[in-house]
Every structure is written in structure tokens, then in C-alpha cells.
Amino acid sequence: MSESCRIDTSSGGRVYGSIPVIHSDTSSSTDTSHRQTPWKDEHDSKPSQDVRGGVNYFCDGLVANTCILIAVAVLSDFDVTWVLPISTVTLFALAGSAGGAEWVTTILQNENELREFESEKMHLQQFPQEEETHMSHLLSLWGLSEETVDLINRDTKKNPKLMLWLHSKFELGLDIDSPPASPFRYSLTAFLCFSVGAAVPVSPWLPWVYSSPATSLHFTAILVYLCLFFVSLFTCTYTRNHSKTIGRQLIIPSVGFIIVGVAAAIQRSVFM
């Protein structure tokens, strides 16, 4: 063993299983000695589908209505009597369409998965040999030996539910134990999150806070970028490259805002 490494023998020698923990003495190493289960703790957690959908729809509403507000403001010469009504109507129209689309797609997804499960179950009953040959081929692609594949096929024949789970997982990428998605919950999440996000850029233009076009535009920019920044901080909890995540969340919408503003200005100068 090189002199730059040492085995931690404090407290009688701390080991994971039967393997001693080896630390590097270089200053650039990361000390994880405080973690008791690094094989679990050092993996990034995965957000639930509700969280991912909520964040996505919030950002969609925020960016979409900001783009619409910029376009209307430029075309109307920042006339609040045009900006506020159009942006507000667009808010509810887009939020309703987002919720409706989520309802329809969730129902279609549930029906498709159920149909796939029923088809696979029927195929296992009618074409057992062909299905076993197909599964053996898939398992061999994962690097399993022929003996291991034969053992898996032999054991799954004893349990039809396990066989259906295995074939659905490897062939279709579906989990038979996962409960069907709730259309109501997903559509409600889409509607509420989209509405909240779309309301952010409109709020400085409301009558009880509006003072001037310049002030409202500045506050809109501040609120939008604060929301984008905090959303990027939230998504950073699920990623390792924090600077890349924050930069992407701020730069990409900015490019869209600039394109919309320039396009609206060109249209106003040419056609108005």
C-alpha cells in the first residue's frame, strides 16, 4: 500500500462488511467518514412525479405568460389597458388547457398500460415458449450467463405473477405493482402550478399595485428571475452540477424573452 493512503483503524478499525475503509491523505479528497451507509447516502434522490410535474408546469406558466406579456406590452406601447386583460385571460386559458391536457394524457397512459399488461398476460398463456425465448435473449443482453437465465426462467414458471412482472419490466418497461396515475390529481396539480407561475409576471400590472409601465416592467423582471432562481435552487437538490443547473434555468428563458421582445418590436415597426 502506498504511503499516501491509510486504513482507518480508529475505534477498533471501522469496516464496511469485511473491507477496511481506506482514506487518501491528499487535501483534494472528500471525507465521507461521517456517513454510515455511503452506498445509499451518496446517491441523488429522485423527485416524485407530482413534484416534477408541479415544477415543470410552474415554469411553463411563468415563462409562457412572461413571453405573452412582453409581446403585448411592446405591441401596445406598454398600455396597461391591453397588457392586463390579455395576460389575465391568457393565464386562465393556458392553465385550463394544461390541466385538461394532463387529464387526457393520464387517462390514455393508464389505458395503454392496462392494455399492455393484458396483452402480455395473454401472450404468456398462448405463446409460453416464444415468450421464454424472447426473455432469455433480453437477459443475455444484460450479460447474464446461460445457466443463470435458465434458473430465472425455471423459477418464474412457478409464479405466474412474478413471470408477468418480469416480462412487463424487461420487455415493456412497465411495473405491474405501480398504482395507476390519478387523472384528477395530476390535472389539478397542472392547473394550480401553471396558474401560480403565470400569475407572477402579471401581478405588478394589477390596478392596486400599478404605478407606471417602467416600474411594472422592472418588478415583473425581478419577480420572474427570482422565481427562476429559486426553482433552480430547488432542482439543484436533485443534481450534482449546481452551476450548470442554475445557469440553464436563467439563460434559456432569457433568450426566449429577448427573441419575443425583438420579434414584437419588429412587427410593431413594420405593421403598425
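In helix α4, the residues Glu131, Met135, Leu138 and Leu139 are buried. They cover an arc of only 95° around the axis, so they lie on the same side of α4. The other side of α4 carries exposed residues: Gln129, Glu130 and Leu141. The buried residues of α4 pack against three helices, α3 (80-126), α5 (146-157) and α6 (160-172). The model described here is predicted.

The length of α4 was also checked. This helix runs over residues 128-141 and holds 14 residues. At 1.5 Å a residue, α4 should span 20 Å. Its end C-alpha atoms are 20 Å apart, which agrees with that expectation. Just after α4 comes Gly143, with a positive phi of about 95°.

Along the sequence, the pattern is β-β-β-β-α-α-α-α-α-α-α-α-α. The chain has 272 residues, and buried residues make up 30% of them. Contacts were also sorted by separation along the sequence. Among contacts in the chain with a separation of 6 or more, 61% join residues 24 or more positions apart. The chain exposes about 17100 Å². Carbon and sulfur atoms supply 64% of that area.

Aromatic rings were examined next. A pair of aromatic rings is described by the distance of the centres and the angle of the planes. The structure holds three aromatic pairs. One of them joins Trp205 and Tyr210, with ring centres 6.0 Å apart and planes at 25°. Planes under 30 degrees apart count as stacked, so the pair of Trp205 and Tyr210 is stacked. Trp205 has 1% relative accessibility and therefore counts as buried. Tyr210 is partly exposed, with a relative accessible area of 24%.

Tyr225 and Phe257 form another aromatic pair, and this one is edge-to-face. Their centres are 6.3 Å apart, with 90° between the planes. The pair links distant parts of the chain, 32 residues apart. Tyr225 sits in helix α8 (residues 213-236), while Phe257 sits in helix α9 (residues 242-271). Tyr225 has 31% relative accessibility and counts as partly exposed. Phe257, at 9% relative accessibility, counts as buried.

Ala64 lies in helix α2 (residues 49-75). Its relative accessibility is 26%, so Ala64 counts as partly exposed. Leaving aside residues up to four places away in sequence, Ala64 touches Leu94 and Phe194. Ala64 and Pro253 are 189 residues apart along the chain, yet their C-alpha atoms are separated by 9.5 Å.

Cysteines were considered last. A disulfide is a covalent bond between the sulfur atoms of two cysteines. A search of the whole structure finds zero disulfides. To count as a disulfide, two cysteine sulfur atoms must lie within 2.5 Å. For Cys193, the closest cysteine sulfur is in Cys59, at 9.9 Å, which is too far for a bond. For Cys227, the closest cysteine sulfur is also in Cys59. That distance is 9.0 Å, again too far for a bond. Cys193 is partly exposed, with a relative accessible area of 22%. Cys227 is buried, with a relative accessible area of 18%. The cut-off for buried is under 20%, so Cys227 at 18% falls within the buried class.

Terms used:
Residues numbered from 1 in each chain as written. Predicted model: local features only at pLDDT ≥ 70, side-chain atom pairs only at ≥ 80, totals over all residues. Heavy atoms only, no water. Phe/Tyr/Trp six-rings, centres within 6.5 Å; stacked < 30°, edge-to-face > 60°. Buried < 20%, exposed > 50% of the residue type's maximum accessible area, 1.4 Å probe, protein only. Helix = DSSP H or I, 4+ residues; strand = E, 2+ residues; numbered from the N terminus. Expected span 1.5 Å × (residues − 1). Arc of directions from axis to C-beta. Contact = heavy atoms within 4.5 Å. Areas by Shrake-Rupley, 256 points an atom, 1.4 Å probe, with all protein chains shown as cover.
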